[in-house]
Amino acid sequence: MFKSTRRLIFFIFDEVMWSKEETKKRRIEFYTNFGVYMKKHTPEYGAKIRWVNYRTEINSIKFKIESDKKHSRVCIDITNKDEGIREVFFEQFEEFKKILSSKMNTLNWVKEYRIDSGIYIARIYTELNGPSINQESEWGDIYRFFEKNLVALHEFWQLSKDVFKDLEN
């Protein structure tokens, strides 16, 4: 009985564990496919938009997408080293909270968010729990989540980025 259980456990781990190279390859494939998936929006906006590495044109504000085996996020990161400047940008986003919240999934507002490197940023994000980047059959769910929220964020940014540019100067 013990031997068959042990074999089953190894089989399960073999199905979900990949080398670092395979994991990197799958992540590249995931994000490349997402870029292709989002090309359908090019005619609508009249220009090629870099959805994965969105250009806000403001050094302190980054739009990011993240996905791992447990959840996926669309994030607005306010990264300025000066806490006071981060707070001003964060408060300006709060002024637009109603507009942002009307088209995006539920947003989490965190003034002091610690990233993996130990640095604190301000982060506004929406999260999808469940679908895994490790399951190719679930990529469509993640892509639709990213699409809905990135398109809403893009449309918001087209209307409001001048306000943030003025704050930066």
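**Aromatic pairs**

Modeller: The structure holds 24 aromatic pairs; rings of Phe, Tyr and Trp (its six-membered ring) pair if their centres lie within 6.5 Å, and planes under 30 degrees apart count as stacked, over 60 as edge-to-face and the rest as tilted. This is a predicted model, in which local features need pLDDT of at least 70 and side-chain atom pairs 80 or more, while totals for chains, interfaces and linings use all residues. Residues are numbered from 1 along each chain as its sequence is written, and side-chain values use heavy atoms, without hydrogens and water.

Biologist: Why is the pair of Phe 30 and Tyr 31 edge-to-face?

Modeller: A pair of aromatic rings is described by the distance of the centres and the angle of the planes. For Phe 30 and Tyr 31 the centres are 4.9 Å apart and the planes at 85 degrees, so the pair is edge-to-face. Both residues are buried (under 20% relative accessible area, 1.4 Å probe, protein chains only). Phe 90 and Trp 109 also form an edge-to-face pair, with 5.9 Å centre to centre and 85 degrees between the planes. Phe 90 lies in helix H4 (residues 83–95) and Trp 109 in strand S3 (residues 108–114), so this pair ties together parts 19 residues apart in sequence. Helices (H or I, at least four residues) and strands (E, at least two) are DSSP runs, numbered from the N terminus.

Biologist: Where is the kink in H6 centred?

Modeller: The kink, of about 55 degrees, is centred on Ser 160; the bend is the angle between axes fitted to the seven residues ending there and the seven starting there.

How values were computed: Buried means under 20% relative accessible area, exposed over 50%, partly exposed in between (1.4 Å probe, protein chains only).
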